Amino acid sequence: CFKGKLLKLACNKFASNVVEKIVQFAPPALRRIVLDELLFNTAALQQLVHDGFGNFVVQGIIDSCTSANEHRKIQDRLKPIVGNSPYGHKIEGKLRNRRSFFAQHRQTR
């Protein structure tokens with residue numbers, strides 16, 4: 001029902017909060033649809049990273065990573081783009097924090 005409209009919603013002041021919750025609590029199949037539309041679409045990702053509300057959706061995606069492998073894929077997509085974003089430092093901070101979470105989690109096993 002929202003497919004094809006997620007970018008517009010993610011860049012809206014109020015709807016971006018809903019998209020963040022969808023990313024956080026959606027079942028894996030729905031989460032995959034959201035990630036494909038927002039993160040693995042270069043044009044959409046560029047817009048999200050530079051948007052005042054969309055960047056929070058990106059940060060929410062990073063926070064809700066379920067594995068080190070998923071984090072690595074997300075980081076690979078973001079690295080070339082965040083450098084010239086006004087919100088890049090916040091996104092990079094989230095990437096660092098989540099990377100250290102997975103590193104600590106791997107060591108405690």
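**Exercise 1.** Determine how the axes of α2 and α5 are placed relative to one another, and which residues make the contact.

*Solution.* Step 1: the axes of α2 and α5 cross at roughly 15° and come within 9 Å. Axes are lines fitted to C-alpha atoms, for helices over the stretch in contact, and angles run from 0 to 180 degrees between N-to-C directions. Helices (H or I, at least four residues) and strands (E, at least two) are DSSP runs, numbered from the N terminus.

Step 2: α2 and α5 are therefore roughly parallel to each other. The classes of angle are roughly parallel under 35 degrees, roughly antiparallel over 145, roughly perpendicular from 65 to 115, and oblique for the rest.

Step 3: the crossing of α2 and α5 is right-handed. A crossing is right-handed if the near helix is turned clockwise from the far one by less than a right angle, and left-handed if anticlockwise.

Step 4: Ser 16, Val 19, Glu 20 and Val 23 of α2 make the contact with Phe 56, Val 57, Gly 60 and Ile 61 of α5; contact means heavy atoms within 4.5 Å. By class, the contact of α2 with α5 has five nonpolar, two polar and one charged residues. Ala, Val, Leu, Ile, Met, Phe, Trp, Tyr, Cys and Pro count as nonpolar, Asp, Glu, Lys and Arg as charged, and the others, Gly among them, as polar.

The model is predicted: local features need pLDDT of at least 70, side-chain atom pairs count only at pLDDT 80 or more, and totals for chains, interfaces and linings use all residues. Residues are numbered from 1 along each chain as its sequence is written, and side-chain values use heavy atoms, with hydrogens and water left out.

**Exercise 2.** Describe the packing of α2 against α3.

*Solution.* Step 1: helix α2 (residues 15–25) packs on helix α3 (residues 28–38) at an angle of about 130°, and their axes are 8 Å apart. That makes α2 oblique to α3.

Step 2: the crossing of α2 and α3 is left-handed.

Step 3: from α2, Val 19, Ile 22 and Val 23 meet Leu 30, Arg 31, Val 34 and Leu 38 in α3. The contact of α2 with α3 has six nonpolar, no polar and one charged residues.

**Exercise 3.** Is helix α5 enclosed or open, and where does Asp 63 stand?

*Solution.* Step 1: eight of the 10 residues of helix α5 (residues 54–63) are buried, so α5 is largely enclosed by the rest of the structure. Buried means under 20% relative accessible area, exposed over 50%, and partly exposed in between (1.4 Å probe, protein chains only).

Step 2: the buried residues of α5 are Gly 54, Asn 55, Val 57, Val 58, Gln 59, Gly 60, Ile 61 and Ile 62.

Step 3: Asp 63 is also in helix α5, and at 37% relative accessibility Asp 63 counts as partly exposed. Not counting residues up to four places away in sequence, Asp 63 touches Lys 94 and Arg 98.

**Exercise 4.** Characterise the chain as a whole.

*Solution.* Step 1: the chain has seven helices and zero strands, in the pattern α-α-α-α-α-α-α along the sequence.

Step 2: the C-alpha trace spans about 40 × 30 × 20 Å along its principal axes, and 40% of the 109 residues count as buried.

Step 3: among contacts between residues at least 6 apart in sequence, 69% join residues at least 24 apart.
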